[in-house]
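Please look at the sequence and the structure before reading on.

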Amino acid sequence: MELAVLFVVYNRAVNETETARALRDMADMPGCVYVYDNSDRDIGNRTKCEALGWHWLGGGGNIGLPKAYNACINALERDGFDGIVCIFDDDTDIAPDYFARLAETAERERASSLFFPILRAGERIVSPQIIHPNQRAEFYATEAECLSSDGKDRFAFNSGMAVRMDVFRRVRYDERLFLDGVDYAFLRDCYASGLTAAVI
């Protein structure tokens with residue numbers, strides 16, 4: 001299964017980000033990494049990405065997350081990528097078994113197009129979470145409850161989300177947004193298109 005990584009860096013040296021450090025320590029890190037540089041000053045990230053063998057995009061200031069994500073997706077399409085895209089923030093501490101667990105889940109859940117890791121803040125599961133039609137958010141109490149959920153009204157943070165590439169032929173990130181609500185709006189549009197998600 002072919003995997004790619006997409007992450008956006010903002011006003012930081014790419015090689016010093018938590019995401020880059022986590023990726024470099026992983027034996028099964030995907031060979032295909034796309035970094036969108038949303039920095040509003042030149043930090044030398046193009047050269048740093050080239051040294052890491054990663055694709056560098058951006059460098060024109062902060063255009064917001066949706067435009068940055070969509071630019072990376074366009075580049076992946078141009079390069080003929082057709083696997084699963086793993087999306088991270090630049091400060092994501094990626095679990096060492098993330099890619100192995102993702103591959104297992106994607107193989108088992110072939111009908112699912114989106115994959116959500118369980119993210120915690122302390123002991124509380126903060127993503128995925130339930131967002132009811134009235135916009136009231138509710139947390140899953142346990143991992144078992146999250147895994148057994150039917151997925152109705154289940155939303156997740158962008159960071160750590162993995163998306164099959166064919167999703168982007170139907171749904172893209174809403175470029176009218178800048179930062180807040182980007183992940184919610186994307187998933188709302190995915191669900192409206194009949195796509196389904198599984199939990200890693």
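Strands β5 and β11 (residues 162-164) run antiparallel and are joined by two bridges, where strands are DSSP runs of E with at least two residues, helices are runs of H or I with at least four, and both are numbered from the N terminus. In this pairing, Leu-114 stands opposite Val-163 in β11. The model is predicted, so that local features need pLDDT of at least 70 and side-chain atom pairs count only at pLDDT 80 or more, while totals for chains, interfaces and linings use all residues. Residues are numbered from 1 along each chain as its sequence is written, and side-chain values use heavy atoms, with hydrogens and water left out.

Two strand pairs can be set side by side; two strands pair if DSSP finds at least two bridges between them.

| Strands | Direction | Bridges |
|---|---|---|
| β5 and β11 | antiparallel | two |
| β2 and β3 | parallel | four |

In the second pair, Trp-56 of β3 is the bridge partner of Val-35.

The open sheet has seven strands in the order β3-β2-β1-β4-β11-β5-β12, and its pairing is mixed. Because β3 and β12 (197-199) stand at the edges with a single partner strand each, one side of each is left without a neighbour in the sheet.
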